Amino acid sequence: EFIERFKTNKKQIILSINFIRQEIRYSSAETLILFKKLNDKYPELFPFDCSYPLEFIDKTIHNENLLLCEGEREDLKLFLLGIGKTDVSGQLEHSRVYLKKFEKHLSLFRDKSSNKIKVYPTLSILVGLMCVVLLV
């Protein structure tokens, strides 16, 4: 269940980056308004009781519901810090880069979790057999 929460969390980050890309492309909203819309869509990941973007970013990065490793948190922080810093095409490129990073994070996580899922049953069978051999 914990692994599924991690995977779901990473998928939600990817969906949120796509959501921001769409908002950048079709609306010219200020950064804080974009963050408010992000909170409306994913309130468990993006807390919004703040009055300026840096406060939003800080609260998001330290959110306990955000199940990300340290490198992923840093990537999310850098992504959010880059929103609103350039023109529309620059922001779309910025979000495309971080979308690719989080897709890679998700892919690596899937690989690692599937390897662990394969190893644990085999390991438990071997330990069980060793116990039987020692008892006999």
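This is a predicted model: local features need pLDDT of at least 70, side-chain atom pairs count only at pLDDT 80 or more; totals for chains, interfaces and linings use all residues.
**Entry 1: helix α4**

I began with helix α4, residues 70–82, whose 13 residues reach 18 Å from the first C-alpha to the last, close to the 18 Å expected at 1.5 Å a residue. The expected span is 1.5 Å times one less than the number of residues in the helix. For helices I took DSSP runs of H or I with at least four residues, for strands runs of E with at least two, both numbered from the N terminus.

Residues are numbered from 1 along each chain as its sequence is written, and side-chain values use heavy atoms, with hydrogens and water left out.

Next I looked up which residues of α4 are buried (under 20% relative accessible area, with exposed over 50% and partly exposed in between; 1.4 Å probe, protein chains only). They are Glu72, Arg73, Asp75, Leu76, Phe79, Leu80 and Gly82. Just after α4, I found Gly84 with a positive phi of about 85°.

**Entry 2: Asp75**

I stayed in helix α4 for Asp75. With a relative accessible area of 11%, Asp75 counts as buried. I then listed its contacts, meaning heavy atoms within 4.5 Å. Not counting residues up to four places away in sequence, Asp75 touches Tyr98, Lys101, Phe102 and His105.

**Entry 3: α3 against α4**

How do α3 and α4 cross? Their axes come within 10 Å and cross at roughly 165°. Axes here are lines fitted to C-alpha atoms, for helices over the stretch in contact, and angles run from 0 to 180 degrees between N-to-C directions. The two helices are therefore roughly antiparallel to each other, given that angles over 145 degrees count as roughly antiparallel, under 35 as roughly parallel, 65 to 115 as roughly perpendicular and the rest as oblique. From α3, the contact is made by Leu54, Phe56, Ile57, Thr60 and Ile61, and from α4 by Arg73, Leu76, Lys77, Leu80 and Leu81.

**Entry 4: the core**

I turned to the largest nonpolar core, which has 27 residues. Such a core is a set of buried Ala, Val, Leu, Ile, Met, Phe, Trp, Tyr and Cys residues joined through side-chain atoms within 4.5 Å. Ile13, Phe56, Leu76 and Phe79 have the most contacts inside this core. The elements giving two or more residues to this core are α1 (2–26), α2 (31–41), α3 (53–61), α4 and α5 (88–135). α1 gives the most, with six residues.

Leaving aside neighbours within four places in sequence, Phe56 is in contact with Phe35, Leu38, Phe46, Pro47, Phe48, Cys50 and Leu80.

Is Ser16 buried or exposed? Ser16, in helix α1, is buried, with a relative accessible area of 2%. Beyond four places in sequence, Ser16 is in contact with Leu38, Tyr42 and Phe46. I noted 6.9 Å between the C-alpha atoms of Ser16 and Leu38, which are 22 residues apart along the chain.

Lys37 lies in helix α2 and, at 30% relative accessibility, counts as partly exposed. With neighbours within four places left aside, I found Lys37 in contact with Phe19, Glu23 and Ser27. The C-alpha atoms of Lys37 and Phe48, 11 residues apart along the chain, are separated by 9.5 Å.

**Entry 5: the whole chain**

Stepping back, I counted five helices and zero strands in the protein chain, in the pattern α-α-α-α-α along the sequence. Of the 136 residues, 37% are buried. Among contacts with a separation of 6 or more, 51% come from residues 24 or more positions apart.
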